[in-house]
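Q: I would like to learn how to read strand pairing and sheet order in a model. Please take me through one case.

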Amino acid sequence: MGALVVVDKLTVSAGSATLVDALSFTIRPGEVLALIGESGSGKTTTALALMGHARRGCRISGGSVRIGDVDVLSLRARQLRALRGRTVSYIAQSAAASFDPSRSILDQVVEPACLHGTLPRGAAELKAIALFRELALPEPETIGQRYPHQVSGGQLQRLMAAMALITDPEVVILDEPTTALDVTTQVEVLRAFRRVVRERQVTAVYVSHDLAVVAQMADHILVLRDGRMREVGATERLLAAPQNEYTQSLLAAARPATRAHGEAGEGAEVLLRVKGLSAGYGARGTILEGIDLELRRGQAIGVIGESGSGKTTLARVVAGLLPPSVGTMEFDGRALPPALRQRSREDLRRIQIVFQSADTALNPSQTIERILARPLQFYRGLKGEPLRRRIDELLDLVKLPRTLADRLPGGLSGGQKQRVNLARALAADPDLILCDEVTSALDTVVGAAVLDLIAELRRELGVSYLFISHDLHTVRAVCDEIVVMRHGRKLAQVARADYDRGPHHPYYEELARAVPEMRRGWLDELDRARPALVA
Amino acid sequence: MTTAIESDSFKRPARRQWRARLAHFGMTGWLALVVIAFWAAAAIFGPAMLSQRGDFGGGEVFAPMSGAHWFGTDYLGRDMLARVIEGARYTVGVAFVSTLLASGTGTLLALLAAASGRWIDSTLSRALDTLTAIPSKMFALLIVAGFGSSVPTLVMTAAIIYVPGSYRMARALAVNINALDYVTVARARGEGTGYVMLQEILPNIAGPMLADFGLRFVYVVLLLASMSFLGLGVQPPEADWGSLVRENIETLANGGAAVIAPSIAIASLTIAVNLVIDNLPGRAARERGAR
């Protein structure tokens, strides 16, 4: 049975900056509270403060946290150690980074119980196996003998939940536990989490930026921004009738509307034609097999699939970074040479690639001006005043202030970096832009703005897109057609008009079903539809 | 936050970086910088400012410290202060030039290895591994035995000995940078190897390579000092600090200033360089929230 959690005027600061500002909330025993907000809003900081922990450089500077009868912030180090992992336990975002790769899983799962002396080793192991079964893990008796690299990401996340629950804690903190997972895996993990949380009646704090996920898990939602509470309320009420302006924008961004699109498509000539394409990395076998694809001028095609499905490899092959082993590519009616160095500068200019993580896609030691200037100098030989003017135009195009030109990428926010990333591709004046998960690393609101920009650029400049994503919502919002990939093969191609008309390939259906919908009870319905998977 | 900074301070990012780097120097860092600056000045201007030349002997042998001879006199009665300051030219100068050669060559080869194909990388790496396999002192003795001891030989020997280490370090850094998306973007744009090496990778490994430069400088100073101590370094009557220790080793038992002064000079220079490296913004600065 869970404990009552009362947080009163909690304040966390780092130097002179305040990360969490006088936050107060109460969680009744056995209830789940979701902390939601964009990155930097202080949600993880708040969650960690519940355990009396502040990250290096941060300090809990005021307020109180009570769990049951215990005033957490007044405890000494030794008492805190007794609290953590026993009364309050924590499930982190990346299970892969939280397990010691050199020890077996069972060894690590029973560790909290042995450490706190709640159970002898033998009993703890039996309990761990019971938990594995409860969390719907395969082969519960033997999975503990494996090492972390021998299980999948979704399984590891559930194993970490088992580790957190082995001491029967009163409060569980789940910090973005499904963010790093694929949609299909996410559903399984969510199911398992919800079941154990409900059955054990533990009090839980669920930290996430995804409203749809939170809608399935939480009784109450607390919206945070800049360390301040914007709104708190029961899940149904908050989703149906948000009062705060920021909550409304979060909700709007989480339900991506279809972006208006131009006349592109049917009548236009074929820009890119890919035939029987296979590719792989050296001896590690093939990653792509027999891909056929046609992209018309001005069209946007979405490529969707889980990680390892070969969608990024497809983009790399088209960009010339990885020569295909078999198959041909045609661009604008002419054969496209397979390798980078065989392509003419003109070929290179017309196909540009935009990567997922703007952090690694922009050279940290070059100013924005230099980053944007290079393709202009390289492809078009611009210099002096025309160069300067074109850079300003590009910044205007992606809606960034011109004053940003003198900055280094380190001083920009994630959304701004992604815009620079796009602007660099646009500088080449391309016909085709390959977008590899461009919004995946961004918060919902920022990501929605970038999607708007992509749709607008397509309307205004007539660029075509090959839009790669694992998120069906995003793809549906900007693309005319969707290509579904799995294990390096193309399974199906669905046109915009048929998005909601079935029946489609079963895997597409599964993907579509796995995207959480933003209403309570969605997961319950899914459980009723497919009860076999839960048992 | 960053938006509050006026835009014109961004015009010169290089200088801003240097100022930021120096701003993180603690007390020890500044002290070490002063020591290094002192020895650098001694090497450049010292001999011109001395009233006594170091080769002017004939006074009392192994005299203690006094107003006339601040560091005492050596085994021929020459002024030790003058000898040490003249030696700075060899120790600091030769070490600096050799380290510059070693680090520069190593970094360039590493960039080439990282930015070009597997064949060039393997060939370069194996060739330099072979060089690493030869014991460094033995190699130095061999060269000196073969070509005789002169300043250019010493510079070349020290440079060759320290190229592989510098190469290894730079290659490890460059290979990581080479795998990042912005380098891939540059390649997809059609950029040549030279551009990728010098514009995309080099600026991002410069920081750690500077730290490596400092470390390697210390090694070279110690190598040259030990070569001179063996009598294979700078030849008399010229002397670097290592030879000064050797020349005056007789007075060690008496605790004479003549042997202590050059030893302290070597120690102060190497410790100072290490302190400066420690104060370069690395882990410590990142934890304080710097870039």
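Q: How many bridges join strand 3 of chain A to strand 9 of chain A, and do these strands run parallel or antiparallel?

A: Strands of a sheet pair through backbone hydrogen bonds, either parallel or antiparallel. Here strand 3 (residues 32-36) and strand 9 (residues 220-225) of chain A run parallel and are joined by four bridges. One bridge partner in strand 9 is Ile221(A), which pairs with Ala34(A). Strands are DSSP runs (E, at least two residues) and helices are H or I runs of at least four, numbered from the N terminus; two strands pair if DSSP finds at least two bridges between them. This is a predicted model, in which local features need pLDDT of at least 70, side-chain atom pairs count only at pLDDT 80 or more, and totals for chains, interfaces and linings use all residues. Residues are numbered from 1 along each chain as its sequence is written, with chains lettered from A and ligands numbered from 1 in the order in which they are written.

Q: In what order do the six strands of the open sheet of chain A lie?

A: The order is 6-7-8-3-9-10, with mixed pairing. Strand 6 (88-91) and strand 10 (228-234) of chain A each have a single partner strand, so one side of each lacks a neighbour in the sheet.

Q: Which strands of chain A does helix 11 touch?

A: Helix 11 (residues 245-254) of chain A packs on the sheet against strand 9 and strand 10 of chain A. Contact requires C-beta atoms, placed from the backbone, within 7 Å.

Definitions and conventions: Contact = placed C-beta atoms within 7 Å. Axes fitted to C-alpha atoms, helices over the stretch in contact; angles between N-to-C directions.
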